[in-house]
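Colleague: I have the coordinates open and would like to go through a few spots with you. Can we start with a single residue and then move on to the sheet?

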Amino acid sequence: GLLGGPDPEHQDRDIGIATEERRAAPLAVGRPVHAEVDHHRGEAEPVQQCRDGHAGGCAVDALLSAQENAQPHRAVRGGLEPGAAVAFQLPNWHEAAVVYLGATLAGMAVNPILPSLRDHELRFILDDVDSRIIFVPSEFRGHDYAGMLQRVVADLTNPPEVVVVRGPGHTPYESLFAPDAAPALPALDPADVRMIMYTSGTTGRPKGVLHTHNSLHALIGQLRDNWHIEPADRFLVPSPIAHIGGSIYAFECPLLLGTTAVLMEQWDPAAAVGLMTAQRCTHMAGATPFLTGLLSAAERAGTHLPDLKVFICGGASVPPSLIRSATDYFDKAVVTRVYGSTEVPVTTVGSTRPGDTDHAADTDGRPGIADVRLVDGEIRARGPQMLVGYLHEGKPAAAFDADGYFRTGDLGAWVDEHYLVVT
């Protein structure tokens, strides 16, 4: 689905992270990304310094400095070069933004991996994508990730470098920052693969979904045009950042639209209400449990979340009554259902016209930039935000029809000609 549910691997605390880019740009090429990190209790977390002196950390430093500082390893392990796969299996931490955007600026393809995956699944993905470097926490929610990676890489013929964030083991994250180095940024092709995200696909076997600069840029432009997004807006992001939903709100919108992402490690509705109030969050997207919890917590706290402009709700089983109740309760927020997948993110954009509660609640919205058609009831979609193919497989006939439409496997129907309902 488009929007991930609460990740059981998240900790029982949350932090707010503002990954803020002051100016929008068409593509993420050669521009520093500043990070401002605040705990929800208002305590500031130390931030790194960019090479140009800006507080927050220059995103490209981590990956390009890793390339410079680890040449002996790279000579053996194949090199960190443009086009290489860079994996991270991190919670909703600000370091993930540094890795994600650093990989982009360095011309590499990022591979986000859910923290809930263990040895077998992780070994498959790292081998399948031929990851050259992976970033993991030392320990998270009682699980020893550093120890797990020790076992996993021992079984791989061409293992990646393991970088540990916030703790000991393997290559420390902090060691990748070289303040005296000034590596040149490569020239990027907008058609190059920027992100590889694994999904079960239509056959149940994990598949690496390939997205380019162009497909993600088209996606984010669609959000801007349909979800009332402005540069000063702030997204609360409790969805896992290794999910397509969490990643675009945490990484892509701040870079391309100049928004701010407030990340939560652990979904806690009461804490979310506090964060949204303190950070004046204008947008949130999440599956049904997020909206249900947020609405109940806001009612208990006696706040109508006056800064919230849009809540996007997707995934299975979104009750129309929940959309109506949230629309009635929140001060001014448009609350709407949407539909999409990792392959064709945000296939429908919902109905965000104020007052159009019926379409927002009773349908999954209208298509945005995607062309959607029903064939024998099956929803098929294609558009500029769709994947360019699966890793190693391209566009197999089982997943794509002769006209290039992605076969979702979901059944649907049209309402009032323009609004899709997933049945």
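Colleague: Is Ala106 buried or exposed?

Modeller: Bearing in mind that this is a predicted model, Ala106 has a relative accessibility of 2%, and because the cut-off for buried is under 20%, Ala106 counts as buried.

Colleague: And where does Ala106 sit in the chain?

Modeller: Ala106 lies in the loop that links helix H3 (94-105) with strand S4 (109-112). Its C-alpha atom is 8.6 Å from that of Leu188, a residue 82 positions away along the chain.

Colleague: Changing topic, how many disulfides are there?

Modeller: The count is 0 disulfides, taking a pair of cysteine sulfur atoms within 2.5 Å as the rule. As for individual cysteines, Cys253 counts as buried at 0% relative accessibility, and Cys281 counts as buried at 1%.

Colleague: Now the sheet with S12 in it: what is the strand order?

Modeller: It is an open sheet of 5 strands, ordered S13-S12-S14-S15-S16, and the pairing is parallel. Strand S13 (260-263) and strand S16 (334-337) are the edge strands, each of them pairing on one side only. On average, neighbouring strands in this sheet are turned by 20° against each other, with direction ignored.

Colleague: How many bridges join S12 and S13?

Modeller: Strand S12 (residues 234-237) pairs with S13 over 4 bridges in the parallel sense, and Phe235 has Ala261 in S13 as its bridge partner.

Colleague: Which helix packs on the sheet, touching S15 and S16?

Modeller: That is helix H10 (residues 320-329), which touches strand S15 (310-314) and S16, and whose direction makes about 170° with that of S16.

Terms used:
Residues are numbered from 1 along each chain as its sequence is written. This is a predicted model: local features need pLDDT of at least 70, side-chain atom pairs count only at pLDDT 80 or more; totals for chains, interfaces and linings use all residues. Side-chain values use heavy atoms; hydrogens and water are left out. Helices (H or I, at least four residues) and strands (E, at least two) are DSSP runs, numbered from the N terminus. Buried means under 20% relative accessible area, exposed over 50%, partly exposed in between (1.4 Å probe, protein chains only). Two strands pair if DSSP finds at least two bridges between them. Axes are lines fitted to C-alpha atoms, for helices over the stretch in contact, and angles run from 0 to 180 degrees between N-to-C directions. Contact means heavy atoms within 4.5 Å.
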